[in-house]
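My notes follow the order in which I looked things up.

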Amino acid sequence: MHHPLITQLRFTRSEFMRGVKGVSDEDARKRLLPMNCISWNIGHLAWQEQRYFLRFGQGKMLIREIDRDFANGAPASTPPLDYVLTVWQEITSAADPWLDTLTPSKLEQHVVSNGKQIAYKYGNLLQRVIYHYWYHIGENLAIRQQLGHKRLPQFVGAIDSKAPYRPENKKRKL
């Protein structure tokens, strides 16, 4: 069984997608300053997953344009919704097999980037991604409210059945 934080990540991803369900391409590309648009936010989270879980975790770069166009600090843009949903799906699907291998001991290891150890541990990166998703869930729903969308998701979905609390395995692999 995978680590409990992976369950939380997958639930968080599903909540993120629940928050953009039914959004048209036109509305996903509307930018309400100073915020980015919904479609950019999707690409941005694809960037973070690719950077942390594919590049740092596996030494892979699946879609170079994502690294260029959606990195933290990249210029604002209004990409097509279908495009960012497709690349988000490709990247998260490519990350999942690696995420399933994470153990408590691996999550405690420092990340190596370009041959050098960096300050972050894999567990920190995993938490950063989860919290980053929740930030953009709120932002996307605020954008949708400003656009006049009705019947938006409220609060947290079915966490009790889909991602209930589960302690991590006490045994640590060396």
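**Ground rules.** I am working with a predicted model, where local features need pLDDT of at least 70, side-chain atom pairs count only at pLDDT 80 or more, and totals for chains, interfaces and linings use all residues. Residues are numbered from 1 along each chain as its sequence is written, and side-chain values use heavy atoms, with hydrogens and water left out. I take helices (H or I, at least four residues) and strands (E, at least two) as DSSP runs, numbered from the N terminus.

**Helix 3 against helix 5.** I looked up the axes of helix 3 and helix 5: they come within 9 Å and cross at roughly 25°. Axes here are lines fitted to C-alpha atoms, for helices over the stretch in contact, and angles run from 0 to 180 degrees between N-to-C directions. That makes helix 3 roughly parallel to helix 5. The cut-offs are under 35 degrees for roughly parallel and over 145 for roughly antiparallel. I then listed the contact (heavy atoms within 4.5 Å). By class I get 14 nonpolar, six polar and one charged residues. Nonpolar means Ala, Val, Leu, Ile, Met, Phe, Trp, Tyr, Cys and Pro; charged means Asp, Glu, Lys and Arg; the others, Gly among them, are polar.

**Helix 3 against helix 7.** Next I checked helix 7 (residues 122-146), which packs with helix 3 at about 175°, the axes 10 Å apart. Helix 3 is therefore roughly antiparallel to helix 7. Among the contact residues are His44, Gln48 and Tyr52 of helix 3 and Arg128, His132 and His136 of helix 7. This contact divides into 11 nonpolar, seven polar and four charged residues.

**Aromatic rings.** I found six aromatic pairs in the structure. Rings of Phe, Tyr and Trp (its six-membered ring) pair if their centres lie within 6.5 Å; planes under 30 degrees apart are stacked, over 60 edge-to-face, and the rest tilted. Trp40 and Phe70 form a tilted pair, 6.0 Å centre to centre with 50° between the planes. Trp40 is in helix 3 and Phe70 in the loop between helix 4 and helix 5, so this pair ties together parts 30 residues apart in sequence. Phe53 and Trp98 are also tilted, at 6.2 Å and 35°. Their pair joins helix 3 to helix 5, so it ties together parts 45 residues apart in sequence. Both Phe53 and Trp98 are buried. Buried means under 20% relative accessible area, exposed over 50%, partly exposed in between (1.4 Å probe, protein chains only). Ring pairs link Phe53, Trp98 and Tyr122 into a cluster.

**Gln48.** Is Gln48 buried or exposed? I read 5% relative accessibility, so Gln48 counts as buried. Leaving out residues up to four places away in sequence, Gln48 touches Phe53, Arg128, Val129 and His132.

**Backbone.** Which peptide bond is cis, with omega near 10°? I noted the one from Leu33 to Pro34. Pro34 lies in the loop between helix 2 (25-28) and helix 3. Asn114 has a positive phi of about 50° although it is not a glycine. I place Asn114 in the loop between strand 1 (110-113) and strand 2 (116-121). Asn114 is exposed, at 69%. Arg151, not a glycine either, has a positive phi of about 55°.

Definitions and conventions. Angles under 35 degrees count as roughly parallel, over 145 as roughly antiparallel, 65 to 115 as roughly perpendicular and the rest as oblique.
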